[in-house]
Amino acid sequence: MSGTTRRGFLGTAAVAGGGAVLGIPERASAENGSTPQTVAVLGGGVAGLTAAHELAERGFRVTVYERKALGGKARSMDVPDSGTGGRRPLPGEHGFRFIPGIYHNLPDTMRRIPFPGNPGGVHDNLVAPKEMLFARSGGREDIRIPLPWPDNPPAELTPDEIRRAFTAVLDTAFHLPLHEALYFADRMLVFLTSCDQRRDTVWERTPWWDFVRAGRMSYDYQRVLAVGITRNIVATKAEEASTRTVGTLLEAFAFNLLGRGADGPLDRILNAPTNEAWIDPWVTYLKSLGVEFRVGWTVRDLTLGAGAIAGAVVEDPSGARRTVTADHYISAMPVEHARRTWNSAVRAADPQLAECDRLETDWMTGIQFYLTERTPILHGHLDLIDSPWSLTAIAQAQHWPGRDFPADYGDGTVADCLSVDVSEWDRPGILYGKTAKQCTRAEVAREVWAQLKAALNDSGRTVLKDSVLHSWFLDPAVDGLGTPHPVNDEQLLIHPVGTFHHRPRSATKIPNLFLAGDYVAVPIDLATMEGANSSARQAVNALLDRSGSTAPRCTVTPLYRAPELEPLRRHDRTRYLLGLPNAFDIG
């Protein structure tokens with residue numbers, strides 16, 4: 001964990017009711033005992049809550065305005081009318097949480113959120129699944145991969161060792177033809193040894209499908225290493241996804257598997273529904289620091305006066321419009337919502353805001369199936385690589401040991417929650433021959449269930465039985481399904497080629513406006529909670545610089561890169577400047 005902010009702000013006072021000695025910082029004003037400066041944080045997702053956290057610990061007076069629910073896409077939500085007999089409602093969610101070991105900034109924040117009985121705060125609620133499964137359809141053998149956490153990573157890496165490691169994994173785990181495994185290993189070596197200039201130009205303009213030469217390869221190569229990686233993990237299309245984005249992600253995951261530069265195991269999830277394990281304790285902690293929340297308040301516009309933001313026009317829960325003011329404003333909404341609040345005057349004041357119109361979002365939305373029996377699938381995530389809707393899933397009850405299913409949730413008969421992410425909404429399914437957007441909500445549920453069974457029940461074992469299906473819950477952000485105008489109010493930023501250069505900086509040319517969100521340019525070029533957290537830290541640092549604050553700056557930890565490969569990246573920089581390809585790029 002990066003220690004600057006934690007050591008700089010956490011004292012020794014016990015957290016009230018927390019049962020943990022995670023000290024709360026002394027609440028000094030933002031500047032040497034003067035009246036604290038005020039900040040309006042516009043948006044209460046991971047970016048907004050992170051900004052509020054960092055600012056409140058530095059003595060600023062913070063108010064968060066959130067249109068829907070705190071936690072944003074990361075939150076869990078109650079299934080309406082599902083709890084009976086004094087039990088809790090069934091937990092629904094936009095999509096299951098995944099907090100890999102490549103993250104550093106988000107885990108640092110989680111360690112600083114008190115949780116009863118946890119010395120390490122909310123971070124102690126992370127658990128590591130033991131395995132993952134690439135499920136095949138049509139009777140093909142599924143690929144089960146254990147996820148060990150190595151205690152003794154290799155002391156040194158060489159290009160030959162990297163090539164051998166990738167080849168062994170692909171040849172053994174995925175049963176790919178040896179020549180294809182070797183070729184993919186070579187392509188990864190090209191990326192790992194590419195300098196930043198080549199990544200930011202050549203590879204940013206190259207689709208991942210082209211980079212790995214998927215068009216020449218077998219169906220398995222295409223589904224696993226082209227489509228599977230991009231659609232199921234990054235939620236974008238292999239034919240469009242930037243090699244810079246996909247390669248950067250795979251680089252970090254590869255070293256995470258080796259135990260290099262990681263915060264923890266490759267795959268981590270929360271040990272309870274997200275709000276119980278993380279969001280609710282976070283909001284409680286922020287309130288203890290004096291943060292105020294206005295939930296149900298929608299930001300409609302930003303007004304500009306004398307070259308600065310003079311106010312934010314918001315619509316309160318009653319529908320009345322009013323203008324709220326503060327010394328500083330952090331726009332922490334998703335890009336598709338934030339850019340609606342930037343009027344022509346605001347955009348004229350900083351041209352990078354208009355560039356955000358060129359950023360793209362797509363649908364990646366979750367559906368939960370509640371079952372009356374535990375599902376004997378595996379202890380970890382499922383990737384249904386042959387499913388036309390690019391499904392990924394996890395059976396959650398086994399990872400929630402402190403939550404008693406069925407006694408504590410629903411009507412007393414639900415024993416498990418199978419949470420599924422649907423990444424592809426524009427391809428025909430197997431049941432109705434319609435895209436997900438063309439289906440009604442009930443048809444989406446039946447189609448996803450059919451695709452799950454096609455992948456899991458095709459090898460002589462009935463994993464999913466219709467008789468155990470209790471009910472389902474589809475994210476209410478999706479509406480109008482089966483009509484000519486389907487909408488998704490909570491889309492996901494995607495990464496087609498060239499879009500990295502349209503991503504804005506946290507500091508704008510408007511002196512009191514700052515940007516936070518996973519669309520902001522940050523060290524992790526991916527729409528993630530880590531990106532949202534990192535961008536909020538950058539925004540707070542920019543605000544501190546503009547305000548002349550002497551408070552310690554937030555740490556922003558980049559993704560890990562192996563130092564052994566740095567000489568090769570320097571060599572590649574010379575070749576790039578000379579107009580030559582990477583030394584390992586043999587076509």
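## Enclosed spaces

About 40 Å³ of space lies in the second largest cavity. On a 1 Å grid over the protein atoms alone, a cavity is a set of points where a 1.4 Å probe fits but cannot get out, while a pocket is an open set with protein on both sides within 12 Å along at least five of seven lines; lining residues have an atom within 4 Å of a point. Grid points are joined across faces, edges and corners, and a volume is the space filled by probe spheres set on the points.

The coordinates are those of a predicted model, in which local features need pLDDT of at least 70 and side-chain atom pairs count only at pLDDT 80 or more, whereas totals for chains, interfaces and linings use all residues. Residues are numbered from 1 along each chain as its sequence is written, and side-chain values use heavy atoms, with hydrogens and water left out.

To display the lining of the second largest cavity, select Gly101, Ile102, His104, Ala252, Asn256, Arg260, Gly261, Ala262, Leu559 and Tyr560. By class, this lining holds five nonpolar, four polar and one charged residues. Here Ala, Val, Leu, Ile, Met, Phe, Trp, Tyr, Cys and Pro count as nonpolar, Asp, Glu, Lys and Arg as charged, and the others, Gly among them, as polar.

Next, select Glu93, Phe96, Arg97, Ile269, Leu270, Ala272, Pro273, Thr274, Ile394, Gln396 and Trp400, which line the largest cavity. The volume of the largest cavity is about 100 Å³, and its lining divides into seven nonpolar, two polar and two charged residues. Over the whole structure, the search finds five cavities of 30 Å³ or more.

## A strand between two partners

Select residues 131-135, which form strand S6. Four of the five residues of S6 are buried, so the strand is largely enclosed by the rest of the structure. Buried means under 20% relative accessible area, exposed over 50%, and partly exposed in between (1.4 Å probe, protein chains only).

Leu133 has Leu382 in S16 as its bridge partner.

## Stops in the loops

Select Phe405 and Pro406: the peptide bond from the former to the latter is cis, with omega near 10°. Pro406 lies in the loop between strand S17 (391-395) and strand S18 (416-422).

Move to Asp81, in the loop between strand S3 (76-78) and strand S4 (91-93). Asp81 is not a glycine, yet its phi is positive, about 60°. Its relative accessible area is 80%, so Asp81 is exposed. Arg213, also not a glycine, has a positive phi of about 55° and is found in the loop between helix H7 (208-211) and helix H8 (219-234).

Finally, select Glu564, in the loop between helix H15 (529-547) and helix H16 (566-577). Glu564 is partly exposed, with a relative accessible area of 24%. Glu564 and Pro159 are 405 residues apart in sequence and 9.5 Å apart in space, C-alpha to C-alpha.

## The whole chain

The protein has 16 helices and 23 strands, and of its 587 residues, 59% count as buried. Among contacts (heavy atoms within 4.5 Å) between residues at least 6 apart in sequence, 70% join residues at least 24 apart.

Colour the model by pLDDT, the predictor's confidence in each residue, from 0 to 100. The mean pLDDT of the protein is 88, and 88% of its residues reach 70 or more. Over residues 1-29 the pLDDT is below 50; beyond near neighbours in sequence, this stretch has 77 contacts in the model.

Terms used:
Helices (H or I, at least four residues) and strands (E, at least two) are DSSP runs, numbered from the N terminus. Two strands pair if DSSP finds at least two bridges between them.
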